[in-house]
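Please read each answer with the sequence and the model in view.

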Amino acid sequence: MDRLRSAFNSVMRSERYSRFTLQPAEDGERRGEVNLDAAAEEHGSPSFRPAPVQQNRRLLICLVLSATLLLLLGLIVGCATSRKHQAKPPGCEPKTTSAPPEAQPAEVQPQLDWKDLTKALADQVTKDTLEVTLRNLDLNSRSAGSPEDLILGNRIFDTFTELKMNPWTDIHYIELQRPDSKRPNQIEFGSEVFKPSGFLAYSATGRVQGRLVYANYGRQTDLDLVEKIVKLEGCVLLIRAGNLSFAEQVENGARRGASAVLIYPDVEDFRLNEDIELYGHVHLGSGDPYTPGFPSFNHTQFAPTQSSGLPKILAQTITAKTAKSLFQQMGGPEAEASSGFKGKLPSVTYSLGGAKNITVEVNNQLVSTEIHNIFGVVKGFSDPDRFVVLGAQRDAWGPGYAKATVGTSVLLELAKAFHAMVEKQGFRPRRSIVFASWSAGEYGSIGATEWLEGYMSSIDKKVFTYISLDRMVMGRGSLIASASPLLLSLMESTMKEVEAPLGSGTLYEMMGGAGWEEKVMRPMAMDDPAYPFMAFSGIPSVSFHFITRNAEYSTYYGTLLDNSDHLNYQTNQHTAEIAATAARFAGLMALRLVHDHLLSLDVSRYGRVLTRDVSRVYKRVQALLQSGELKDVGPYWLSRARGSFQRAAESISSAVQNTDLTDPEACRILNDRIMKVEHCLLSPYVSPVETPFRHLVFGRGSHTLGSIAASADMEGLRTQLALATWNLQSCSNTMMGNIWELDNEI
């Protein structure tokens, strides 16, 4: 005891002490920090000041008394508490122990199962809610960068703000081409002068003269037929709209040496009045053509450049009435009835022309324009840095009811639905959902493409799917779609869950059940709003359209007649109901993608597509080898690379079956492998400036498998075959994940 007392006194008399506090560091850790008093700071070292002995003794006495009082107080409180909870025995003696009552857990919102989620979404997105939103967003004008466009963008931003979706805006400064009001575009033929108000943005400008030649839809096969009869070099082509985009029609004409292209709507394809004008663009690409491959955040940062997809010839739309007048005067040999060249303009013989000159003058001017992309997000709870994007353009040439109003309305209703499901019904999405409102979609998906270009180096690591809401409703009775093969299984399962509009079973049943792909799926065209996401950025994408049976496009797109009256006529007054079905279809696909542990992207579905395209290349190369046109090269390596891809896909499928879904890290690693599939099919051997659509299968350029299979350039074919082989093999390596599992023996 004496030793203990001595040690205690020794401690109390100690002349050295220091005081530590926990301070937060920049990295979030809490670290001990020595606090020095003023004397220590003055002399540059801690001060050592022995406490007076008398003070230490008084302090000790006070501590002992305080401890004693606290002990007595604790005993008194303990006894009092024990009496309240025990009927017997009285007092503070110990009691026998028993199992404690089960703790009542805090009230937790139950996790919704899939059936609950689908019902919640269907309850939120209804015909009635969409009718209100469609009515509120119906505008007479909404051209890109106009005051109406900016006001609508602000309304969407405010809605996202009310929903607490942390909205933000991407601002881009782009070049749009518009007619010059002081110098209108015009066509001179004989004694007549035509001054159309419709136009094609990004046409070359100037004045040219050439022989007028009719070339049907301007397809390669059409031009081949005409060129056997009429010389095309320097001519002005008259082409009817349809089958191809305006940009593709103009490019085909330019390749044959035409000096200008005139495009009109034939009554066989467009049931319009003869004086209806057409509007569009002829940039063979997407995004601002004056900042190709990089974003137009600020033009002053970049040297002047132009997209390789800008046409070098003039292009102009004309009315059916003007085309009729040209046909009646052009002369030349008449097209054969079996050629498919004859339309249904009254009192027209559809001559091929080539006998008389026509003059075309295009005076469009570039206008620097500020556009706003608006975003909102419902954040995920497990992987918030991974997200699906639902997007819709909000601009149009005129009212744009089918082109923009429906998609924007669905965008807002889905945003409200997902917000309500999270805030009120306990939905906890694993990944985030981004809602995007694009501007300048009519000029070639400029707003969306500029966003993709702005985040090119990282966006494929975060965005795992894009769902386009544009042109969702064109009519009634049928459904057409374009998508990455990765999304086909998801589409099929979703079609089985969504009721068809107007009470005709499910969408799956409406479109023929097991044979739905043949009826529904179409190749994704370059003018599809989802195309740049897939072919430029390597993001699995889908777009779909409810449409009139046996139709492929809307009659009123690209005109000022795209309004609510005409769409209601096409849907038999069921626009809101069909839009609600379209919203549920898109919403359920997004829901599945953010709800499940593993991404609903089926890698195995790429096998059939690659087998088809590689087989075409193989047959082409074999034929060239046998004819002697190609030597010292074989298609075997490409076939083996396809085999490596197939084994890598099987490896992912096997991992999906064997992954422990309760292990978040294992799921994330596997999802990373799945997310890389589409992006690794982008060719690393071509420039995004010169060849923006780099996708090996769905891109555009000499690097694609389709182009290699049709190539007539033997040296170019040899090079592209080698690059495509290693593109496919390196994609297989990326899909395998671990470097020690790579299969490079091609």
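**Burial, rings and a helix**

Q: Why is Phe327 counted as buried?
A: Phe327 has a relative accessibility of 3%, and the term buried applies under 20%. Phe327 therefore counts as buried. The value is computed from a predicted model.

Q: How do you know whether Tyr350 is buried or exposed?
A: The relative accessible area of Tyr350 is 2%. Buried requires a value under 20%, whereas exposed requires one over 50%, so Tyr350 is buried.

Q: How many aromatic pairs does the count come to?
A: With ring centres required to lie within 6.5 Å, the count comes to 26 aromatic pairs.

Q: What makes Phe327 and Tyr350 an aromatic pair, and which kind of pair do they form?
A: Their ring centres are 4.9 Å apart, and the limit for a pair is 6.5 Å. The angle between the planes is 55°; stacked would need under 30 degrees and edge-to-face over 60. The pair is therefore called tilted.

Q: What shows that this pair links distant parts of the chain?
A: Phe327 belongs to helix H9 (residues 320-330), while Tyr350 is in the loop between H9 and strand S12 (353-362). The two are 23 residues apart.

Q: Why is the pair of Phe544 and Phe585 given its name?
A: The planes of the two rings stand at 85°, and an angle over 60 degrees counts as edge-to-face. With the centres 4.8 Å apart as well, the pair is edge-to-face.

Q: Where do Phe544 and Phe585 lie, and how many residues apart are they?
A: Phe544 is in strand S18 (residues 541-548) and Phe585 in helix H17 (residues 575-595). They are 41 residues apart, and the pair links distant parts of the chain.

Q: Why does Phe544 count as buried, and why does Phe585?
A: Phe544 has 0% relative accessibility, and Phe585 likewise has 0%. The cut-off is under 20%, so Phe544 is buried and Phe585 is buried.

Q: Why is the span of helix H6 described as close to the one expected?
A: Helix H6 (residues 147-162) has 16 residues.

Q: Which residues of H6 are buried, and why are they said to line one face?
A: The buried residues are Asp149, Leu152, Gly153, Ile156, Thr159 and Phe160. Seen down the axis of H6, they fall within an arc of 115°, so they line one face of the helix.

Q: What does the face of H6 turned away from its buried side carry, and what covers the buried residues?
A: That opposite face carries Pro147, Ile151 and Glu162, which are exposed. The cover of the buried residues includes helix H5 (127-137), strand S13 (365-378), helix H10 (401-423) and strand S15 (431-438).

Q: Why is Thr691 called buried?
A: Its relative accessibility is 19%, and the term applies under 20%, so Thr691 counts as buried. Thr691 is in the loop between helix H20 (664-680) and helix H21 (705-710). Beyond four places in sequence, Thr691 has contacts with Val686, Arg700, Gly701 and His703.

Q: Why is Thr465 called buried, and which residues does it touch?
A: Thr465, in strand S16 (residues 463-468), has a relative accessible area of 0% and is therefore buried. Among the residues that Thr465 touches, leaving out those up to four places away, are Phe387, Leu487, Ile539 and Leu601.

Q: What is the mean pLDDT of the protein chain, and where does pLDDT stay under 50?
A: The mean is 86, and 83% of the residues reach 70 or more. The value stays under 50 over residues 1-55 and over residues 80-110.

How values were computed. Residues are numbered from 1 along each chain as its sequence is written. This is a predicted model: local features need pLDDT of at least 70, side-chain atom pairs count only at pLDDT 80 or more; totals for chains, interfaces and linings use all residues. Side-chain values use heavy atoms; hydrogens and water are left out. Rings of Phe, Tyr and Trp (its six-membered ring) pair if their centres lie within 6.5 Å; planes under 30 degrees apart count as stacked, over 60 as edge-to-face and the rest as tilted. Helices (H or I, at least four residues) and strands (E, at least two) are DSSP runs, numbered from the N terminus. Buried means under 20% relative accessible area, exposed over 50%, partly exposed in between (1.4 Å probe, protein chains only). The expected span of a helix is 1.5 Å times one less than its number of residues. The arc is that of the directions from the helix axis to the C-beta atoms. Contact means heavy atoms within 4.5 Å. pLDDT is the predictor's confidence in each residue, from 0 to 100.
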